[in-house]
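Here's a quick tour for anyone opening this structure for the first time. Have a look at it, then read on.

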Amino acid sequence: MRPFSTRRSIRPVRCLLAAAALGSAGLVGGFAATAQPAATSATTAAAPLDFKLDPVHCMALFRIHHVGAGQFWGMFDQVEGSMTYAEDGKTAPTFDVTVQVESVHSGTEKLDRTIIGPQFFNAKEYETIRFVSTGGESKGDGVWDITGDFTMHGVTRPVTAKVEFTGLAGNPVQKKAGFEATFEVKRSDYGMDWGVNNKALGDDVRLVVGLEGDWTR
Amino acid sequence: MIKTVIFSMVLPVLAGGGLVALCWLLPPLRKWRWLSSACFGLALAVGVFASFVAENGVPPFPPAERAQWLGLAAVLAAIFAILGPMTGSAERERKWPATELVAFLAGAIVAGLPLIAELAGGEAKSMFSGTGPADQIAMGLATAFGFLALDKVVETRHGVTLPLAFFITFAALAPIADAASWITLTFLAAVAAGTSLVAALAARFSGGPSIGRGGLLAATVLLVVFPVAGYRQTYGEFPWWVWGVAAGAPIVLLPLENPWIAKLPPWAGLTLRLLCVAALAGVAVVVAIQSGSGGDDLNDYGGFN
């Protein structure tokens, strides 16, 4: 009876050990699968991951010279769109970013209405600002010069943005990637020229766009 | 800001006001009946167009942007100012349906502006954001009935009454447009007000000329297009009727053309009429400013440059 009873008592332990072994093998396999693109990147570029922009953690800041004196900052807080990013950093990230003009914040309600009104962004006619990347060149250290079509006030023109990779966070199931883009445009190029001639407001507008996206798998 | 005020307000008022002053004050020109009847409307159109161009450049036709209809409205006002006197003056040839026909045609043209723009090669789009056929018909009816309502007043009230009434009306539209944060419309209304004031001064010293059908049609077009543009294109936080009450304030002159008011001394009648216009326009301004406050006025836009 004893051996029998010993055998019976050992069986569950073996089963547990086997299950643990299988489970750990599975986990390792899972990590290996996740890490695989990086491992193969020595020979081929990793497939870019798709990210959907997280509107809560994206924003677009603009800066403009006011009456030739101070630099005035405003913000659009509704930024939507998508981007791609290859973890090996060999492929330039791509972006399709849309900003809702009516989401502007300047700190003053009346000024907000002026900015989105017909004098400037004319949001009732041109509801969005959009950037769609068309190419990119790596500058090293997670920095790219991303070229793309920038549409504002109904006018589309090519621009080049300096885009810095700010981080990739998460785990095999969930990932978040972040970028910060900086570029300048002349608003008169986009037909938004009120105050340029009399220097009430500068022509050059600097945009700083903070992007964070959720991996869509 | 000083440059902006000079180019967008002072010079346009000088251009428009100078035109009407010349036409009404110089005897050879004053005797030219067509010119005398057209010059107030032409002055409004010249002033408004000059201000628009100073701010936004020459508007193309068909317009590329809806806001350019403001500049084109000035062109239409000029055309109406030129053609209006040719339809006969109310005092000489008031035969039905001539007046009504003029009103109907003017209203139809205003209502059909998007269609005309489309026929001229433009893309099919509404005149202002969110306006549809119903809005266009309403604008046409407002033009027609505005003209019909005030044609009789134009016939009766020569001299300073109507230029001052239009001065008050346009002067009220300027702060309302500012409360809605549209700088261009603010300047255009201010220029129309300034031009009307110069016209009133000229009328005071030139024997009381009539603004004529040309002047009435031009003013009516501007008073229809300005508020609709202001309401549809901006984000003003006040009710829509503010625009309508301010722009429609001169209509109050019609019921004041009655035997009781006519018995008052001229100065009392004039004062009463202008007070009634000012009361209506004033209510609109107060509501707009109270609802649309919170900013730093023109310093928001340009400061002191």
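Predicted model: local features only at pLDDT ≥ 70, side-chain atom pairs only at ≥ 80, totals over all residues.

Let's start with helix 8 of chain B, which covers residues 133-156, and helix 11 of chain B, which covers residues 212-233. Their axes sit 9 Å apart, and the two pack at an angle of about 145°. The crossing of helix 8 of chain B and helix 11 of chain B is right-handed.

Who does the touching? On the helix 8 side, the residues include B:Met139, B:Ala142, B:Phe147 and B:Leu150. Helix 11 of chain B brings, among others, B:Leu216, B:Leu217, B:Val224 and B:Val228. Sorted by class, this contact has 10 nonpolar, 4 polar and 4 charged residues.

## A covered helix in chain B

Next up is helix 9 of chain B, residues 161-179. From first C-alpha to last, its 19 residues reach 28 Å, close to the 27 Å expected. Helix 9 of chain B is mostly covered, with 16 of those 19 residues buried. After helix 9 of chain B comes B:Ser181, and its phi is positive, near 65°.

## One residue in chain A

Over in chain A, A:Asp112 lies in helix 2, residues 109-116. Is A:Asp112 buried or exposed? A:Asp112 counts as buried because its relative accessible area is 13%, under the 20% cut-off.

Neighbours within four places in sequence aside, A:Asp112 is in contact with A:Val104, A:His105, A:Ser106 and A:Gly107. A:Gly74 is 38 residues from A:Asp112 along the chain, yet their C-alpha atoms are separated by 9.0 Å.

Terms used
Residues numbered from 1 in each chain as written. Chains lettered and ligands numbered in written order. Heavy atoms only, no water. Axes fitted to C-alpha atoms, helices over the stretch in contact; angles between N-to-C directions. Helix = DSSP H or I, 4+ residues; strand = E, 2+ residues; numbered from the N terminus. Left-handed = near helix turned anticlockwise from the far one by under 90°. Contact = heavy atoms within 4.5 Å. Nonpolar A, V, L, I, M, F, W, Y, C, P; charged D, E, K, R; others polar. Expected span 1.5 Å × (residues − 1). Buried < 20%, exposed > 50% of the residue type's maximum accessible area, 1.4 Å probe, protein only.
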